[in-house]
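Please keep the viewer open as you read.

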Amino acid sequence: MSTLATNAPHVARTASFALRTTQRLSRALLLDRSFRFWVDELAPVASRAELRARVLSVVDVTHDVKTFVLAPRVWPGHLPGQWVPVEVEVGGIRLRRCYSISSPPNDPHVELTVKRIPGGRVSNWMHTHLHAGDFVRLGAPSGDFVLPETKPTKLLLLSGGSGATPLIAILRDLAHRRALEDVTYLHAARSRRDVLFASELARLSSLHPGLRVVLHLDDASPRLDATQLWVLVPDLAHRETFLCGPTGMMDAVAPAFLGFEGRLHHERFVAAKPAAAASGAGARIHLGRSKRTITTTGRGTLLDELEQAGERLEYGCRMGICNTCRCAKRSGVVENVLTGAISNEPDDDIRLCVSVARSDLTLAL
Ligand code: FES
C-alpha cells in the first residue's frame, strides 16, 4: 500500500486523509483499555488493539545498528517519516519506546532500524534477544515529520547518526515514486563505519541523477555546523529541509536557517533530561484522583519522578512527541525542559515526560 504513490494532488490528499483517520482510530483503540482487554482475551495473536508483529529477520546495518524486519498481522498504514511505539518485555517489565519506521509505505513489511544505546534497556534487549520468529507489540504509527502532499521542488534531507531512519523511509518512498528530482541527502556520521545505509545511498545516487548524496564524517572534517552546512549545501536557502539527528548536531546547524526558519522541519531523537541545577527537587506533587502526595527528588522529569514513586503511567516516546503522557495540571508551575516554556495557568495540559516541577503541583492523575 502506498498512500503517496500518485502524482495527482487531490488523490494523494484523499489517501493521506484516509490514512490519518485510520491512524486516529487505531490510537483511540489503543487508549481504550476495556477494548484492549476484551480483544486480547478473544484473539491474543491477531489483536487489533496491540498490533502484534512477527520478526521476519534481523539485519546488521552497522556495528551498533540493526534493522528488524517485521510482519504485523494488521497494519493501518504509515506515511514516510512516521514512528511507531514498540513494546517489549524486559525482565518481566513491559517497556515501550518509539522508533521511526525505516521502510516506505509500499514495502510489504515494516522495518525498524534501531541503534544500540549504551545503557538503553529496550535497544540493548532488542539487539541481544530479539530474533527471527519472535513477536513484538506495536502501537499505532504516528508523527508529523512527513513531506507535504506535493513534494517540494528543492529538498534537503539532513540526518545525523540514527536520525537517518525516518529520512531513509522518505528517500525510499521518493525513489519508489520516481520523484528524486533535485534532492540533496546529507548524512553526518562519526566515521565511515557509522554511516547508515551506505551501499543503498550509493546505489540510489547512481540510479537517480536528481539525487545528490553528501556524507560528512566527523573524524575527517570540521564538525558539522552552520558554516559547514552552507559550504556543503550552497543553495540551502532555497531548499525545504527535513532535519533529524542528535540534539548537539541539530543545535549546531540551526543558525544556518536564520531568516528562513519556515523551511526547516525537524524531529529530535533524544529523551528530555532536566538540567541538574534546575530540576525542581523537593516540590510536592498531589495526585488528584489517588490522593497521593509525592516529593520530587530532582533527578528526572515528572514522568521519571512519578514512576520512581511507583505510579504506573501510560507513555510512548518519552521525548515530548507522541502526547501519550499528557495530563491536566490543576495547579502549580512546571517548566518544559525542551523549550523552557513555563506553564503557570490552572488546567493547562502538560506532557509529563518533558516537564519538571517549578512549584508544588496538583495533577489530574
Ligand atoms: S511519552 Fe510521548 S510525549 Fe510523553
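The report below takes the sheets, the cores and the cysteines in turn.

## About the model

The model is predicted, so to speak of a local feature it takes a pLDDT of at least 70, side-chain atom pairs count only at pLDDT 80 or more, and totals for chains, interfaces and linings use all residues. Residues are numbered from 1 along each chain as its sequence is written, and side-chain values use heavy atoms, with hydrogens and water left out.

## The five-stranded sheet

Let's begin with an open sheet of five strands, ordered β13-β12-β19-β14-β17, in which the pairing is mixed. Strands here are DSSP runs of E with at least two residues, numbered from the N terminus, and two of them pair if DSSP finds at least two bridges between them. β13 (293-295) and β17 (348-351) are the edge strands; each has a single partner, so one side of each lacks a neighbour in the sheet. From one strand to the next, the twist averages 35 degrees, taken between N-to-C directions of axes fitted to C-alpha atoms, on a scale from 0 to 180 degrees.

Strand β14 (residues 326-331) runs antiparallel to β17, and four bridges join them. Look for K329, which sits opposite D348 in β17.

## The three-stranded sheet

Another open sheet has three strands in the order β16-β15-β18, with antiparallel pairing. Its edges are β16 (342-343) and β18 (355-357), each with a single partner strand, so one side of each has no neighbour in the sheet. Three bridges connect β15 (residues 334-336) with β18, and N336 stands opposite S355 there.

## A covered strand

Five of the six residues in strand β5 (residues 110-115) are buried, meaning under 20% relative accessible area with a 1.4 Å probe and protein chains only. Six bridges join β5 to the antiparallel strand β2 (residues 65-72), where K66 stands opposite V114 of β5.

## The nonpolar cores

A nonpolar core is a set of buried Ala, Val, Leu, Ile, Met, Phe, Trp, Tyr and Cys residues joined through side-chain atoms within 4.5 Å. The largest has 40 residues, and L70, L112, L138, L352 and L363 touch the most other members. Strand β3 (residues 83-90) contributes the most, with four residues. A second, separate core of 23 residues includes F145, L167, I170 and F242.

## The cysteines

How many disulfides are there? Counting pairs of cysteine sulfur atoms within 2.5 Å, the total is zero. C244 is buried at 0% relative accessibility, and C325 is buried too, with a relative accessible area of 7%.

Terms used: Buried means under 20% relative accessible area, exposed over 50%, partly exposed in between (1.4 Å probe, protein chains only).
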